[in-house]
Amino acid sequence: MVLYKYRSDSKNTENIFTNKQVWLAKPDTLNDPFECSYNIPLDLIQAHIEMACKAQIFGFAVSCAKLASKGRTPFGIPQNEIDEFWRSLKPVFTIKEDYRLFREFQKKHGVTISDKEGTFYQWKKAVKEVGIFSLSSEIDNQLLWAHYADESRGIAIGFCVTSDSRLSSSEHCFKVKYSDDISEKGDIGFNQQVVYDLEYDDNLPQKIRFSNTTKIPLSDPFFQQVISTKPTAWSYESEWRYVEETAGLFPLPAPICEVVFGLRAKQETIEKYKKLAIDSNDNIKFFQMKKSPSKNILEKCPIQ
C-alpha cells in the first residue's frame, strides 16, 4: 500500500527529501475545529482511579506474601514496618486515603510510585501534545489536490508501507474513522504503560531508590479512537494518520516510493523535485496527474 502526503511547492516540502524528516503537528494546529474531541464522564475517571489504586496495593500485598515464604521482603523493607503499615489502614478509610498512606510508606523506603489520579487526569495533556502527520490512500481526489497541493500546482509524496516501517505499526498508524458523534469512553479500562527507574542512594538500606511512572500509551484503544476520528464532512480525504507522542520533526515513517505531480505543476517544479528525489533515493517512480480524455476525472500517468 502507498499513502500520499499532498504538499505545495515550498522549502519545507524540499526538506522532506533533503533532511529525510517530516513534521508532526499538534491537533490544535490542524484545520478541523473538532479535532480530537472526546468525552470521558467524571464518574468513569474516578472508578478508574479507584480500580488502579486497589490493584497496586493488592499487588504489593501479593509480593509481600510471596517473598515472606523465602524470608525476604519487597525492596528490603523491614518486616515490622510492613506489618505496621497494614495495621495503619482502616476500614473506614476511603481508597484515596489508603493509597495516600501507601505512597507515603513506599516513599519513606526509597520507592516512588506513580500518582494514579495524575495518570488519568493527564489525558487532556496527552491528547493535546500528540503529533499527527496526515496522509491519504487516494491519489486521484480532485479536492485533495485543490486543498492541499496548491490547486494542483504541487506534489503528492507516496510513502510505501513496508513491514518494517512506522506506517505498518498499529500503534503509530491509524485509518481515520468518520463520525459526527463525539468519542465517548463507555467502559472501564485503559491500557497503561509503566516506566521504571533506579537510582543509587547510600542513605537507604537497600542502596537503591526505585521509582515508576504510569502513562496511557498510544496503544490504548480509546486514545487511538480519539485521535483518529473526524466528522463525516472530512470523509473525502480518506485519511490515515502517522502519530507520535509529541509533535515535531521525525524521521521518514516509511520509504518514499513515488512522487506525483499535480495537473498544473510547472516544468521547473517537476525538474526540481525529480532531482531532489533521485538524490535521496534511486527507487522512486514519477507520475503526473492528467485529465481523462473521456471523463471529468484525474488519472495518474507515469513520466520519465
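Helices α1 and α9 are roughly parallel to each other (angles under 35 degrees count as roughly parallel, over 145 as roughly antiparallel, 65 to 115 as roughly perpendicular and the rest as oblique). In this predicted model, in which local features need pLDDT of at least 70 and side-chain atom pairs count only at pLDDT 80 or more, totals for chains, interfaces and linings use all residues. Residues are numbered from 1 along each chain as its sequence is written, and side-chain values use heavy atoms, with hydrogens and water left out. The angle between α1 (residues 11-18) and α9 (residues 267-280) is about 25 degrees, and their axes lie 8 Å apart (axes being lines fitted to C-alpha atoms, for helices over the stretch in contact, with angles from 0 to 180 degrees between N-to-C directions). Thr13, Glu14, Phe17 and Thr18 of α1 form the contact with Lys272, Tyr273, Leu276, Ala277 and Ser280 of α9 (contact meaning heavy atoms within 4.5 Å). By class, the residues in the contact of α1 with α9 are four nonpolar, three polar and two charged (Ala, Val, Leu, Ile, Met, Phe, Trp, Tyr, Cys and Pro are nonpolar, Asp, Glu, Lys and Arg charged, and the others, Gly among them, polar).

The protein chain as a whole contains nine helices and 17 strands (DSSP runs numbered from the N terminus, H or I of at least four residues for helices and E of at least two for strands). Of its 304 residues, 42% are buried (under 20% relative accessible area, with exposed over 50% and partly exposed in between, for a 1.4 Å probe and protein chains only). Among contacts in the protein chain between residues at least 6 apart in sequence, 79% link residues that are at least 24 apart.

The contact of α2 with α4 comprises seven nonpolar, two polar and three charged residues.

Among the strands, β13 (residues 239-244) is largely enclosed by the rest of the structure, because six of its six residues are buried. Both of its faces are covered, with Glu239, Arg241 and Val243 buried on one side and Trp240, Tyr242 and Glu244 buried on the other. Strand β5 (residues 131-136) runs antiparallel to β13 and is joined to it by six bridges (two strands pair if DSSP finds at least two bridges between them); within this pairing, serine 134 stands opposite arginine 241. Strand β7 (residues 173-175) also pairs with β13 in the antiparallel sense, over three bridges, and cysteine 173 is placed opposite tyrosine 242 of β13.

Glycine 158, in strand β6 (residues 155-160), is buried, with a relative accessible area of 0%. When residues up to four places away in sequence are not counted, glycine 158 touches Val2, Leu3, Tyr4, Pro255, Ile256, Cys257 and Glu258.

Neither residue is a glycine, yet glutamate 151 has a positive phi near 55 degrees and serine 152 has a positive phi of about 75 degrees. Glutamate 151 is partly exposed at a relative accessible area of 41%, whereas serine 152, at 11% relative accessibility, counts as buried.

Lysine 20 occupies the loop between α1 and β2 (21-24) and is partly exposed, with 38% relative accessibility. Although lysine 20 and proline 251 are 231 residues apart in sequence, their C-alpha atoms are 6.0 Å apart in space. With residues up to four places away in sequence not counted, lysine 20 touches Asn15, Phe250, Pro251, Leu252 and Ser280. Glutamine 224, by comparison, lies in helix α8 (residues 221-227) and counts as buried at 18% relative accessibility. Leaving aside neighbours within four places in sequence, glutamine 224 is in contact with Ser170, Glu171, Phe174, Leu218 and Ser219.
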